[in-house]
Amino acid sequence: MVNQQRAIDMFMKLVQIDSVSLHEREIADYLLSYFQKLGYEAYEDLKSKAAVSGATTGNVIVKIPGTIEGPAIMLCAHMDTVEPGNGVKPRISADGKYIESDKTTILGADDKVGIAEIIELVAILAENTLEHPPLELVFPICEEIGLFGATHLDTTGLTAKIVYVLDGGPGPGDAIIGGPDYYEIIGKVTGKSTHAGGSPEKGISSIQVVSDAISNMNLLKIDEETTSNVGFVTCDYPLNVVPEITEFGIEVRSLSVEKAAKQKDHIINALEVATKKFGAKLDYTVEKTLHAYKLDENNPVLKRFKKVCLAHNIPVTANISRGGTDLSALTGHGLEGIVIAGGGEFAHELQERLEIKNFVACIEQLLYLVTDPE
């Protein structure tokens with residue numbers, strides 16, 4: 001039932017619409033127009049636009065009526081891409097197996113492949129007499145820079161309690177069933193500026209304070225579930241000036257809620273001890289942007305996924321992700337779900353590509369998930 005050429009054409013059209021994070025207006029307008037012309041209720045989530053600083057659009061939400069009664073299913077694929085993501089020139093690889101870019105940009109399969117697969121699914125449902133429950137399609141903004149669209153999703157009028165997030169890889173049967181707690185610790189240390197040659201003893205070197213704090217932190221791989229990294233330390237002064245201000249950014253992530261909190265507290269304690277030692281001032285904020293989750297074997301969404309895959313001879317590979325997806329934010333809205341594959345490879349790289357065989361197979365898998373009887 002999958003129209004392979006139609007799906008490929010749609011994917012190639014989507015990746016040529018520029019939509020790096022915070023600049024998704026054009027693709028949002030395209031999706032709104034596309035679904036409205038088909039007669040579906042499609043609207044912009046203005047709450048998400050207002051909540052995300054610098055956003056040019058909000059999330060796009062589309063409602064597809066069911067042909068049978070039953071609880072709605074949410075399908076989610078984010079609209080934004082990483083950079084360099086403007087001016088994508090897609091092409092079929094020489095062997096005919098892949099869609100790739102010209103290698104001067106990413107391809108944008110993350111996550112235009114998810115959008116293309118949902119669009120092809122809707123087309124299949126419209127031209128065949130297949131029973132399916134109501135579908136709620138959510139296309140969030142700003143996934144790549146913090147899951148902001150999904151975090152601020154306006155759920156008014158949405159009834160789905162389960163969600164399939166199309167944002168994984170590489171092929172059918174692959175699913176992400178767990179993710180981490182995630183903290184960002186952003187701040188600055190303020191010391192005292194003075195001439196580095198004339199009277200350095202009268203100053204307080206902010207970068208020395210931060211360096212001392214970092215030297216007493218447990219970083220990188222803490223254990224099998226926990227990592228922590230210093231992403232940036234910024235201090236730019238002339239060589240003859242004792243630096244007054246140094247800014248820093250540190251992340252903590254763990255599959256364990258307790259371990260994440262413990263590591264976050266350890267980082268803050270090291271900063272506080274160092275600033276007190278040197279007589280400096282510490283300012284910082286802590287933001288938790290991901291919430292750890294892990295589906296157990298009895299979870300109804302995972303059981304449904306495995307049942308459908310088994311019925312269609314699709315081997316299942318369940319993975320735990322150390323990164324974030326929109327599912328991490330959607331769980332905060334009371335949804336349960338999994339992240340399923342779209343067929344893309346090498347996300348965020350110039351070598352990013354989409355395997356056409358897996359692309360088609362992932363559409364078929366999505367069709368099974370929506371139409372197979374419970």
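Q: What does "buried" mean here?
A: Buried means under 20% relative accessible area, and exposed means over 50%. Keep in mind that this model is predicted.

Q: Which residues of helix α8 are buried?
A: Val 301, Leu 302, Arg 304, Phe 305, Val 308 and Cys 309. The helix runs over residues 300-311. Its 12 residues reach 16 Å from first C-alpha to last, close to the 16 Å expected at 1.5 Å a residue.

Q: What covers the buried residues, and what does the face turned away carry?
A: The cover includes β7 (162-168), β8 (174-179), β16 (336-341) and α10 (356-371). The face turned away carries the exposed residues Pro 300, Leu 310 and Ala 311.

Q: What is found at the start of α8, and what follows the helix?
A: At the start, a side-chain oxygen of Asn 299 reaches to within 2.9 Å of the backbone nitrogen of Val 301. After the helix comes Asn 313, with a positive phi near 55°.

Q: How many residues does the largest nonpolar core have?
A: In soluble globular proteins, nonpolar side chains tend to be buried together. Here the largest core has 65 residues. Those with the most contacts inside it are Phe 11, Phe 35, Leu 75, Leu 137 and Phe 139. Helix α4 (residues 109-127) gives the largest share, 10 residues. A second, separate core of 21 residues includes Ile 61, Ala 150, Val 163 and Leu 327.

How values were computed: Residues are numbered from 1 along each chain as its sequence is written. This is a predicted model: local features need pLDDT of at least 70, side-chain atom pairs count only at pLDDT 80 or more; totals for chains, interfaces and linings use all residues. Side-chain values use heavy atoms; hydrogens and water are left out. A nonpolar core is a set of buried Ala, Val, Leu, Ile, Met, Phe, Trp, Tyr and Cys residues joined through side-chain atoms within 4.5 Å. Buried means under 20% relative accessible area, exposed over 50%, partly exposed in between (1.4 Å probe, protein chains only). Helices (H or I, at least four residues) and strands (E, at least two) are DSSP runs, numbered from the N terminus. The expected span of a helix is 1.5 Å times one less than its number of residues. Contact means heavy atoms within 4.5 Å. A polar contact is a pair of N or O atoms within 3.5 Å; within protein, one must be able to donate a hydrogen and the other to accept it, and residues adjacent in sequence count only if both atoms are side-chain atoms.
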